[in-house]
Amino acid sequence: MSTFTAFYTAWSDQLQQLLRQLCSAPKPPTTQDHLHHLNHLVNKVLSHYAEYYRVKAAAAERDVLDIFAAPWASAFEKSLHWIAGWRPTTVFHLVYTESSILFESHIVDILRGVRTGDLGDLSPTQFRRVSELQCETVKEENAITDELSEWQHSVSDLMGATTDVDKMIERLVTVVRKADDLRLKTLKRVVDLLTPQQAVEFLIAAVELQQGIREWGMNQDRECSY
């Protein structure tokens with residue numbers, strides 16, 4: 001087991017504990033203390049993700065090819081990877097999906113003018129900012145994808161006697177770092193657009209999706225190994 005694989009296992013367990021705290025948080029918040037508590041939980045989760053990318057960056061510096069191989073991930077998780085991790089624009093699909101589900105479940109209240117304050121109650125301004133941010137993220141995502149494609153096309157240079165393999169690996173490390181920076185930045189910017197209650201609901205959905213995919217993928221791997 002690699003050092004990063006061991007870290008990821010422990011990190012994932014801690015994420016599951018944070019999920020339980022998010023699920024037990026008061027929603028909707030009815031006091032100032034509730035609001036402080038929700039903000040505290042949101043910051044804890046974001047800090048946990050930031051720690052993941054900090055350690056991953058150090059691991060990539062040591063062995064970026066191991067990061068791409070992702071021995072800690074199931075085959076299903078790897079099939080969903082974009083440059084050694086989840087695609088940043090996934091968060092927007094998650095926001096729209098969760099908002100739609102909650103909107104439909106509260107539609108009678110909403111038609112009566114009752115504000116629910118959850119993800120199903122996003123304001124027009126919030127929707128506009130989410131859409132704008134999605135467009136910005138797509139452009140950044142495409143630029144990083146192009147950079148990886150250029151790196152892959154240059155693989156033929158490995159046959160040349162004067163090829164500096166170390167520099168090629170450094171370029172790949174840079175691509176991974178840019179992808180991870182965009183993942184974390186996108187997560188934080190989406191959270192910044194939401195109220196504390198909405199942010200908690202969004203993070204619950206994000207963690208449940210991540211953990212659900214991991215659990216299903218690992219179960220599939222175990223079944224295939226029999």
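Biologist: Is Trp 216 buried, partly exposed or exposed?
Modeller: Trp 216 counts as partly exposed, at 46% relative accessibility. Please bear in mind that this is a predicted model.

Biologist: Where is Trp 216, and which residues form a nonpolar patch with Trp 216?
Modeller: Trp 216 is placed in helix α8. Together with Phe 76 and Leu 80, Trp 216 forms a nonpolar patch on the surface, and the three have about 290 Å² of accessible area together.

Biologist: How many helices and strands does the chain have?
Modeller: The protein chain has eight helices and zero strands. Read from the N terminus, the order of elements is α-α-α-α-α-α-α-α.

Biologist: And what share of the residues is buried?
Modeller: Of the 226 residues in the protein chain, 39% are buried.

Biologist: Which residues touch the most other members of the largest nonpolar core?
Modeller: That core has 60 residues, and the ones touching the most other members are Phe 4, Tyr 49, Ile 67, Ile 83, Val 190, Phe 202 and Leu 203. At least two core residues come from each of α1 (3-23), α2 (32-69), α4 (90-105), α6 (124-153), α7 and α8 (196-225).

Biologist: Which helix gives the largest share of this core?
Modeller: Helix α2 does, with 13 residues.

Biologist: You listed Ile 83. Where is Ile 83 found, and what is its phi?
Modeller: Ile 83 is found in the loop between α3 and α4. Its phi is near 50°, a positive value in a residue other than glycine. Ile 83 also counts as buried, at 6% relative accessibility.

Biologist: On backbone geometry, which peptide bond is cis, from Lys 27 to which residue?
Modeller: The peptide bond from Lys 27 to Pro 28 is cis, with omega near 0°. Pro 28 is found in the loop between α1 and α2.

Biologist: Are Glu 77 and Arg 214 buried or exposed?
Modeller: Glu 77 counts as buried at 9% relative accessibility, and Arg 214 counts as buried at 11%.

Biologist: What about Lys 178 and Glu 147?
Modeller: Their side chains meet in a salt bridge, at 3.0 Å from N to O. Lys 178 lies in helix α7 and Glu 147 in helix α6, so the pair ties together parts that are 31 residues apart in sequence. Lys 178 is partly exposed at 35% relative accessibility, and Glu 147 is partly exposed with a relative accessible area of 24%.

Biologist: How far apart in helix α6 are Glu 132 and Arg 128?
Modeller: Glu 132 and Arg 128 are four residues apart in helix α6, about one turn of the helix. They form a salt bridge whose closest N and O atoms are 3.7 Å apart. Glu 132 is partly exposed, with a relative accessible area of 35%, and Arg 128 counts as partly exposed at 45%.

Biologist: Which residues are linked in a network of salt bridges?
Modeller: Lys 56, Asp 180 and Arg 183 are linked in such a network.

Biologist: Lastly, which residues form the negative surface patch?
Modeller: Glu 61, Asp 164, Asp 166 and Glu 170 form a negative surface patch. Of these, Glu 170 lies in helix α7 (residues 165-192).

Methods. Residues numbered from 1 in each chain as written. Predicted model: local features only at pLDDT ≥ 70, side-chain atom pairs only at ≥ 80, totals over all residues. Heavy atoms only, no water. Patch = residues over 30% accessible without salt bridge, like charges linked within 9 Å, V, L, I, M, F, W, Y side chains within 5 Å. Areas by Shrake-Rupley, 256 points an atom, 1.4 Å probe, with all protein chains shown as cover. Salt bridge = Lys/Arg side-chain N within 4 Å of Asp/Glu carboxyl O. Lys, Arg positive; Asp, Glu negative; His and termini not counted. Charge placed at Lys NZ, Arg CZ, Asp CG, Glu CD. Core = buried A, V, L, I, M, F, W, Y, C linked by side-chain atoms within 4.5 Å. Buried < 20%, exposed > 50% of the residue type's maximum accessible area, 1.4 Å probe, protein only.
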